[in-house]
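Open your viewer and get ready to select.

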Amino acid sequence: MYHEIDLDKIDRNAEPPTEEPARQYYFMAKCRDWVKGFEQKNHRLPCASVVNMGCQMNARDSEKLSGILSDIGYEQTEDGNADFVICNTCTVRENANNRVYGRLGSLHGCKKKNPRMKIALCGCMMQEKTVVDKIKSSYRFVDLIFGTHNIYMFAELLYRCLTSDSMIVDVLEGTDRIVEELPARRRYSFKSGVNIMFGCNNFCSYCIVPYVRGRERSRKPEDIVKEIESLVADGVCEVMLLGQNVNSYGKNLKSPVTFSDLLRMINKIDGLKRIRFMTSHPKDLSDELILAMKECDKVCRHLHLPLQSGSSGILSAMNRHYDKEQYLALVKKLREAIPDIAITTDIIVGFPGETREDFMETLDVVRQVEYDSAFTFIYSKRTGTAAASMENQCDPAEVNERFDMLLKEVQAISMRRAEARTGTVGEVLVEEVNAKDSSLVTGRLSENAVVHFPGNADMIGKIYPVRLTECRGFYYLGELVQGADCNPDFSEKIFSENACK
Ligand code: SAH
Ligand code: SF4
Ligand code: F3S
């Protein structure tokens, strides 16, 4: 296990090991020596800032970067005064890329004031050759670039960066490796993302993720269970299982395991209270999985089920492998099995060839399903994807109009859904003291909605029964159910009795 490794005992004068993760432990030890040298010279520890710019997968990767920086001795800082800044980038839509260039502009200003500052870029955007070429020619002040496939080599790359004055670029085209046993520094003490698989094989025609994250690779179930057990021993009570399409988990393992098998294994872990997962592709959501969700008491009553479009024609052009009727039938099955499940989704407006009629089909699904919430996106053309070469791109003015219409509909429905829960009692995992009003704490229901209620910092990381007294659109105000304040476990009793699963 990583926590049993003593970096100080590693022989730094020996040749670096060739096997992983031993090689990275060696470079962590070398970086630690560098940090000690910095401290002697400057009478302070160096500071680092990890800027996460992507999805939950990236957020988890960023926790791994922070874990390594922290273990070698860096102090964490949020601002541009850091000695080492690393931006973990996203490229799913054009505006994600623009944000990175904007950030680089402001970091350049910081580096002018502190020329010793090192700037690193990693993540999905760095897997694109055109991007790396642009940075090499127009952003010469960047010190280190690496991609998604060699993130496990961060300690080694960092050491090279700290001991060199030239720009280091190390981007791999692909990998079939999964390197376990590296440290991570969690943002929350009581909840954590857990990668169960990497990459994606689906090639939805609009999406760049399979090109930048590579082919699907699942972690072994025993490694996942071991990781969650050690997280639980370290105070975690909620995990979010992460993968681009968790429903196809396990297909490439030597002895194949299904995602429902995995859920059942994780559900047995003592001390773990909540299991979430994302993302589920509708084409692979099996009856077996619905049953596992219903029967596993720790699985939260929430499913994120991206629709993308309600038009069967567009879904086919998107290469999604389901049609409008199949999606609606799936939702019906889910609601029959788990009546109070919250369903959320992703929708794209303006995919090439989308007509007004196609868009009305999307609105129709939104009205029929009544999503608890939905992320809505305007289609963004990504170079290299199949949709990028489709000729019938939509008129931007028309797309904006559709987008506004969709957003209004989605918001009205989620407000109605939220209001319908007002007055009920829900299980809230307390996440933090409210930033604006310190007499309140903020947490989440199993259905994922946010609740604020009177409380204090001692309640963080525990689950309480809370009556939802008032709905404020997308969040609730609540009050603790009498008698639960001194015994949070009381809540588990109430909810195992009330649970519909
Ligand atoms: N693997 C997940 C989603 C990953 S990307 C899944 O299959 O659901 C998150 C969301 O971004 C997608 O669901 C999609 O709605 C949106 N998205 C992806 N590519 C896009 C593009 N080119 N333009 C607009 N939205 C896009
Ligand atoms: Fe992209 Fe589709 Fe894979 Fe999701 S399933 S990451 S949308 S290609
Ligand atoms: Fe996530 Fe963006 Fe990469 S959505 S997988 S960080 S392209």
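This tour visits ligand surroundings, a helix pair and some strands in a predicted model.

**Stop one: ligand 2.** You will find Cys-200, Asn-202, Phe-203, Cys-204, Tyr-206 and Cys-207, among others. Val-209, Pro-210, Gln-244, His-281 and Arg-320 also belong to this shell. By class, the shell has seven nonpolar residues, three polar and one charged.

**Stop two: ligand 3.** Now move to ligand 3. Around it sit Gly-54, Cys-55, Asn-58, Cys-90, Thr-91, Val-92, Cys-124, Arg-213 and Gln-244. Four of these residues are nonpolar, four are polar and one is charged.

**Stop three: two helices.** Select residues 287–295, helix α9, and residues 324–337, helix α11. Their axes come within 10 Å and cross at roughly 30°. How do the two helices run, roughly parallel or roughly antiparallel? An angle under 35 degrees counts as roughly parallel, so α9 and α11 are roughly parallel to each other. Their crossing is right-handed. Show the side chains next. Asp-287, Ile-290 and Lys-294 of α9 meet Lys-333, Leu-334 and Ala-337 of α11. This contact holds three nonpolar residues, three charged and no polar ones.

**Stop four: the strands.** Select β16, residues 440–445, and β17, residues 450–454. They pair in the antiparallel sense, over five bridges. Find Leu-440: it stands opposite Pro-454 in β17. Four residues lie between the strands of this hairpin. Click on Asn-448, which takes a positive phi near 90°.

Key
Residues are numbered from 1 along each chain as its sequence is written. Chains are lettered from A and ligands numbered from 1 in the order in which they are written. This is a predicted model: local features need pLDDT of at least 70, side-chain atom pairs count only at pLDDT 80 or more; totals for chains, interfaces and linings use all residues. Side-chain values use heavy atoms; hydrogens and water are left out. A residue is near a molecule or strand if one of its heavy atoms lies within 4 Å of it. Ala, Val, Leu, Ile, Met, Phe, Trp, Tyr, Cys and Pro count as nonpolar, Asp, Glu, Lys and Arg as charged, and the others, Gly among them, as polar. Axes are lines fitted to C-alpha atoms, for helices over the stretch in contact, and angles run from 0 to 180 degrees between N-to-C directions. Angles under 35 degrees count as roughly parallel, over 145 as roughly antiparallel, 65 to 115 as roughly perpendicular and the rest as oblique. A crossing is left-handed if the near helix is turned anticlockwise from the far one by less than a right angle, and right-handed if clockwise. Contact means heavy atoms within 4.5 Å. Two strands pair if DSSP finds at least two bridges between them.
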